[in-house]
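Hello,

I am passing this structure on to you. Please open it first, then read the notes below.

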Amino acid sequence: MKSIKSISTILVLMLSVTVTATILNVPDEYGTIQQGINASSDGDTVLVQPGTYYENINFFGHKITIGSLYLTTGDSSYAGSTIIDGNSSGVVVEFSNNEDSTSTITGFTIQNGHSGSGGGIICDNTSPNIFGNKIIYNNAENYGGGIYAVNNAAPRIIYNSISNNIASIAGGGICNDEGSSSYIFYNKIDLNTAYQGAGILASGDGPTIEANWISENHALMVAGGISADAPSTMIRYNCIVYNVSDTAAGGILCINNSPTIANNTLLGNKAGWSGGGIFNLAAQPNIINTILWADSANGIPDELTDSLGNPSVTYCCVQGGFAGIGNIDDNPLFCDLESLDLQLAENSPCVGTGQGGADIGVYGVGCEATSIDNIIELPKALSLSQNYPNPFNASTIISYDLPEQAHVRLTIYDILGRQVAMPVDRMQGAGEYQVLWNADDYSTGIYFARVRYLDKSESIKMLMVK
């Protein structure tokens, strides 16, 4: 992800908290992170050495910083080597006792949480800092696979990688719910799965979603990237690319509200039947200075579908065109579409043609003039990828590409060739799909997944280990 705002000031502020703090070292002085928390006083820092800690921790209202060596060195590799593993026995990190902006967790991998809501992190009526973490492979039975903000919470969620989390209902990566107003800035939010709002569910009082890379999330019903359900949601300077919804709103769903969608780039998002880029349902969004390009629904170009709403679309680059002041329908000429460098070429029609002479989209000029015609093509053949993770415990994601609309069956067989599940049995349009198979009720062993449409099929072997 290219930087559109400097985060150096934020990083300095976050790291400076250790200068005058009392340091409680884990595991040298305290064997577990929770023991360090329990022994701390407000203003202290719990400093954690690299390793894997099988814990479910709770701040219990302590106004402290918990950090890996990333906190003292600025070396982000420590986030990968300092792991808090929830062992599928509850939420991994809990803020639920009036923690505020003086409570921080930074520089960890937070993984394998499993809870009703909030698999990785829950913020309940609190406003902590969640900075520089990898939040991965967490599972919520309801809301917020990666992070769940609820009951007027206002966390600052900054510079994290939030990937491969699952929420059975909504908010695979992040769920902002019930009066909450999270600040979601400069995160990579990808490969998450949910029924609605696979990347982010923006409900409650409405979060500010700014400068994030939101990609390859998969909604089993609506809103692959963002579901904007709250009236005051701010969505600006985000790249929202290659997200998938099985029905509507590959990129963004606007429903019964008036979000601001400004200076975003939506590219290559797909929906099963409508609103490949944006699906607007009874809402009045203000969409400005935004690129909507190569998004599709049911295999057909579809950038913005409106149903019973009244969107204001101005100074946008929309493939196929859209009525409104200053809108254009010209190839935005990204610098390098293949590598997803979405900066603009010098001769891009989006340079200087936004409101007040601003550039349209997320980035400004990043390369010399080009005549390359960037095109995103639909898959040319059926392709079934290896499930991930593999081996897996209880659930796994199966991905496949379809070259055309057809009735698709994805069937799971055991080692004896007996059918044990059929996660997909329906019409689907051309595009890329990800399916979550929850195998809680099945035993350890080898399974086969087969995707079939028309007279074509492909199979893979999967290993479940409990």
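**Salt bridges and a surface patch**

Asp-414 and Arg-418 are joined by a salt bridge, with their closest N and O atoms 2.8 Å apart. Asp-414 is buried, because its relative accessible area is 10% and the cut-off for buried is under 20%. Please keep in mind that this is a predicted model.

The count of salt bridges comes to five. Here are two others.

Asp-425 pairs with Arg-409 in a salt bridge, and the closest N and O atoms lie 3.3 Å apart. This pair links distant parts of the chain. Asp-425 sits in strand 49 (residues 419-428), Arg-409 in strand 48 (residues 406-414), and the two are 16 residues apart. Asp-425 is partly exposed, at 39% relative accessibility. Arg-409 is partly exposed as well, at 40%.

Asp-190 and Lys-188 also meet through their side chains in a salt bridge, at 3.8 Å from N to O. Is Asp-190 buried or exposed? Asp-190 counts as buried, because its relative accessibility is 7%. Lys-188 is partly exposed, with a relative accessible area of 40%.

Now the surface. Which residues make the nonpolar patch? They are Ile-415, Leu-416, Ile-446, Leu-463 and Val-465. The patch covers about 430 Å². Leu-463 belongs to strand 52, which runs over residues 456-464. Leu-463 counts as partly exposed, because its relative accessibility is 33%. A patch residue needs over 30%, so Leu-463 at 33% passes that cut-off.

Best wishes

How values were computed:
Residues numbered from 1 in each chain as written. Predicted model: local features only at pLDDT ≥ 70, side-chain atom pairs only at ≥ 80, totals over all residues. Heavy atoms only, no water. Patch = residues over 30% accessible without salt bridge, like charges linked within 9 Å, V, L, I, M, F, W, Y side chains within 5 Å. Areas by Shrake-Rupley, 256 points an atom, 1.4 Å probe, with all protein chains shown as cover. Salt bridge = Lys/Arg side-chain N within 4 Å of Asp/Glu carboxyl O. Helix = DSSP H or I, 4+ residues; strand = E, 2+ residues; numbered from the N terminus. Buried < 20%, exposed > 50% of the residue type's maximum accessible area, 1.4 Å probe, protein only.
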